[in-house]
Amino acid sequence: MFDKIYIEKLKSNFSEAVRVILANKVRTLLTSLGIIFGVAAVITMLAIGNGAEKEILAQLELVGVNNIVITPIPDEKEGDSDEEEVETEGITPKRFSKGLDMLDVASIKRNIPSVKKVSPEIILETYVIKKGRQSPVKLIGVSSDFFETSNISIESGKNFSTAQSENSLPVCIIGKKIEKKLFTGESAIGKQIKVKDVWLQVVGVIEEKFISENAQENLGIRDLNQDVYIPIKTFLVRYKDRKIISDKPLPEGNVMIFGGQDGPQKKIPRGNYHQIDKLIVQVNNSSELNATADVLSRMLKRRHNDMLDFEISIPIQLLKQQQKTKQIFNIVLSIIAGISLLIGGIGIMNIMLASVLERTKEIGIIRAIGATQEDVILQFLTESVLVSIGGGIIGIVLGVLASYILEITTGIETILSVSSILLSFFVATLIGLIFGIAPAKSAANKSPIEAIRHE
């Protein structure tokens with residue numbers, strides 16, 4: 001019986017609250033603007049945060065958690081600067097570095113116990129020939145450890161065998177897009193492709209991975225789906241090895257010094273004299289990253305005759321810095337959204353207090369015919385919560401639309417979740433409840449005598 005009476009009271013309060021709100025549509029809308037924009041900001045912020053987290057996790061998967069990346073710094077290419085004149089008198093000539101090479105790879109494996117795997121890469125921009133037509137590709141010379149250190153799965157076929165790697169056999173593993181382009185509708189395994197002047201047998205195809213432009217730009221990650229991978233020894237034997245010096249007229253990678261001992265010298269830059277273009281070093285534990293990077297730097301500098309012609313980076317630290325920056329951005333957005341919601345709550349409280357003053361006579365009458373203070377409190381709380389919920393619903397719609405528009409116009413990935421929408425709805429309801437308490441109590445304190453005086 002008690003439950004039925006209570007339900008009837010709720011229904012009565014709800015219908016009365018709807019009547020009051022509809023009677024003051026413009027005022028109610030203006031009152032709920034703070035809630036609307038606050039809720040929209042919360043949903044958009046959470047969508048951006050979810051998208052950023054997904055992107056960072058995807059990038060982390062690509063670069064590897066425990067990887068250190070070493071990249072060579074080639075000498076300036078000829079033509080990039082004017083001829084350099086160096087006075088030799090009293091100045092020690094520049095030291096000569098052998099560059100980053102396979103001997104460095106062997107030394108790292110042999111001498112640093114914290115290193116788990118070392119994966120060198122050599123990159124050549126070339127072309128693949130199919131039915132007499134050339135298509136540009138990147139030919140990558142790698143070790144068999146490359147796919148594990150780079151978190152790349154081989155979808156079909158298999159990795160390079162020891163015999164294929166050691167004997168420089170003409171085999172390759174290709175990206176998924178290469179397979180789709182050259183072997184439409186059929187498997188590439190066992191078939192041959194001609195890359196530049198060499199026929200290669202396809203022994204594997206890697207799993208297709210989506211790599212955002214942001215990852216390619218910030219972390220130096222290639223579009224792995226469009227690469228052709230061959231054993232690094234195959235690359236050095238059958239394509240190009242910068243360590244081999246030929247007797248051809250002055251190639252770009254050599255240095256020549258003109259001028260006598262007493263006069264200025266003119267230098268032609270060596271160009272890219274490094275044998276390998278990238279070196280990924282995987283350590284056993286992430287706690288050893290900084291210490292290993294420091295040891296690598298000192299060891300390579302010593303091996304390169306005290307020349308710093310290489311750069312060492314730890315991708316996971318770059319990603320953590322990105323994540324920290326985005327967290328700061330999310331905190332700022334949260335503060336803005338919180339301020340907006342606070343202003344919305346204050347607006348609801350003000351308009352409800354004004355409504356109490358306008359309806360003093362009405363309050364006195366319903367109190368005179370038997371309504372209790374609890375009834376009045378419940379009536380005004382219902383109104384404030386309905387105003388807040390209405391603003392919350394509009395804010396949710398705006399937040400969803402803003403997330404989609406932001407993704408389309410800026411390319412920033414946004415991910416909407418049910419939890420963020422439910423959280424926004426809960427916050428909006430809670431604000432209406434909290435900021436409606438003071439006006440509801442003020443209304444409940446009105447008496448029939450005050451209604452007569454007001455009249």
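Contact here means heavy atoms within 4.5 Å. The model is predicted: local features need pLDDT of at least 70, side-chain atom pairs count only at pLDDT 80 or more, and totals for chains, interfaces and linings use all residues. Residues are numbered from 1 along each chain as its sequence is written, and side-chain values use heavy atoms, with hydrogens and water left out.

**View A. Helices H12 and H13 meet through residues of both helices.** Ile-363, Ile-366 and Arg-367 of H12 are in contact with Gln-373, Val-376 and Phe-380 of H13. Helices (H or I, at least four residues) and strands (E, at least two) are DSSP runs, numbered from the N terminus. H12 spans residues 360-368 and H13 residues 373-410; they pack at an angle of about 140 degrees, with axes 10 Å apart. That angle makes H12 oblique to H13, a class for angles that are not under 35 degrees (roughly parallel), over 145 (roughly antiparallel) or 65 to 115 (roughly perpendicular). Axes are lines fitted to C-alpha atoms, for helices over the stretch in contact, and angles run from 0 to 180 degrees between N-to-C directions.

**View B. Asp-101 and Lys-98 form a salt bridge.** A salt bridge is a side-chain nitrogen of Lys or Arg within 4 Å of a carboxyl oxygen of Asp or Glu; by this rule the count is 13. The N to O distance between Lys-98 and Asp-101 is 2.9 Å. Asp-101 is buried at 2% relative accessibility, whereas Lys-98 is partly exposed at 22%. Buried means under 20% relative accessible area, exposed over 50%, and partly exposed in between (1.4 Å probe, protein chains only). A network of salt bridges links Lys-98, Asp-101, Asp-104 and Arg-303.

**View C. Lys-117 and Asp-145 pair in a salt bridge at 3.7 Å, N to O.** Lys-117 lies in strand E3 (residues 115-130) and Asp-145 in the loop between strand E4 (133-142) and helix H5 (146-149), so the pair ties together parts 28 residues apart in sequence. Lys-117 is buried, with a relative accessible area of 19%; Asp-145 is partly exposed, at 21%.

View D. Asp-294 is partly exposed, at 41% relative accessibility.

**View E. Thr-149 in helix H5.** The side chain of Thr-149 reaches the backbone oxygen of Phe-146 at 3.0 Å. Thr-149 is buried, with a relative accessible area of 0%.

Conventions:
Polar contact = N/O pair within 3.5 Å; in protein donor to acceptor, adjacent residues only side chain to side chain.
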